[in-house]
Amino acid sequence: MSDEPFLAAIAAGAVRRLKESTCFDLSILVWSFDILNLSDLLGVILPDAVDHFADELEDGGDVGMFWFDFANVVAVHVPPKRREAFDAKFFRSFLEPVESTLLNLSGTEVPHALALDAWQELLHERQIPYLGPHYTGMVLSQLGVRIV
C-alpha cells in the first residue's frame, strides 16, 4: 500500500489552510516533503506557501530556523523569478545579518570578542542553529571559503 494518497491529502489540506499556517507549520511540511523527495507535492504547496511567507509570516524574533529550513527547499525547487519577494524578505531579515556578522567575525575591523558576542547574540535571538546546505555554501563562499 502506498502512502501517496495520504501525502497528497496532507498537501491539499495544507494549501486549503495556508492562511492559518505558521512558519513552523510550513517549514516542517516542505522540509519533510523535500527529504522524502516528493517534488510533485512540493509543486502543489510551494507556490502559495512562498507567497504566504513573503506577505504574511513574521520574520522577527525566534523564527530563524524555520525560515532557513523553508528557504533551503525554496532555493532548490522554486525558480528565482517566482521567489523574488520571498528572497528579498529572507535576505533582508536573515541572510544579510548572518553574512555581515560573520564578515565582522572573520575580519579585523571589529575586535574579535565583540564580533563573537554579536554572532552569538544573533544566533540566540533569531534561533538560527544552522544555515542549511544551500545557504551554508553561499555564506561560506562570501567569506572566501572555496566550496567543491
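## Helix 1

Helix 1 covers residues 4–16, 13 residues in total. Helices here are DSSP runs (H or I, at least four residues), numbered from the N terminus. From its first C-alpha to its last, helix 1 reaches 18 Å, close to the 18 Å expected at 1.5 Å a residue. The expected span is 1.5 Å times one less than the number of residues.

This is a predicted model: local features need pLDDT of at least 70, side-chain atom pairs count only at pLDDT 80 or more, and totals for chains, interfaces and linings use all residues. Residues are numbered from 1 along each chain as its sequence is written, and side-chain values use heavy atoms, with hydrogens and water left out.

Leu7, Ala11, Gly13 and Ala14 are the buried residues of helix 1. Buried means under 20% relative accessible area, exposed over 50%, and partly exposed in between (1.4 Å probe, protein chains only). Seen down the axis of helix 1, its buried residues fall within an arc of 165°, so they line one face of the helix. The arc is taken from the directions from the helix axis to the C-beta atoms.

These buried residues pack against helix 2 (23–35) and helix 3 (39–55). The face turned away from the buried side of helix 1 carries exposed Pro5 and Arg16.

## Helix 2 and helix 4

The axes of helix 2 and helix 4 (residues 64–77) come within 8 Å and cross at roughly 45°. Axes are lines fitted to C-alpha atoms, for helices over the stretch in contact; angles run from 0 to 180 degrees between N-to-C directions. Helix 2 and helix 4 are therefore oblique to each other. Angles under 35 degrees count as roughly parallel, over 145 as roughly antiparallel, 65 to 115 as roughly perpendicular, and the rest as oblique.

The contact (heavy atoms within 4.5 Å) includes Phe24, Val30 and Trp31 of helix 2, and Phe66, Trp67 and Phe70 of helix 4.

## Helix 5 and helix 6

Helix 5 (residues 84–106) and helix 6 (residues 112–126) pack at about 155°, with their axes 8 Å apart. They are therefore roughly antiparallel to each other. Among the contact residues are Phe94, Pro97 and Leu105 of helix 5, and Leu116, Trp119 and Leu122 of helix 6.

## Aspartate 51

Aspartate 51 sits in helix 3. At 31% relative accessibility, aspartate 51 counts as partly exposed. Leaving aside neighbours within four places in sequence, aspartate 51 is in contact with Glu56 and Arg82. Aspartate 51 and glutamate 84 are 33 residues apart in sequence and 9.7 Å apart in space, C-alpha to C-alpha.

Terms used:
Helices (H or I, at least four residues) and strands (E, at least two) are DSSP runs, numbered from the N terminus.
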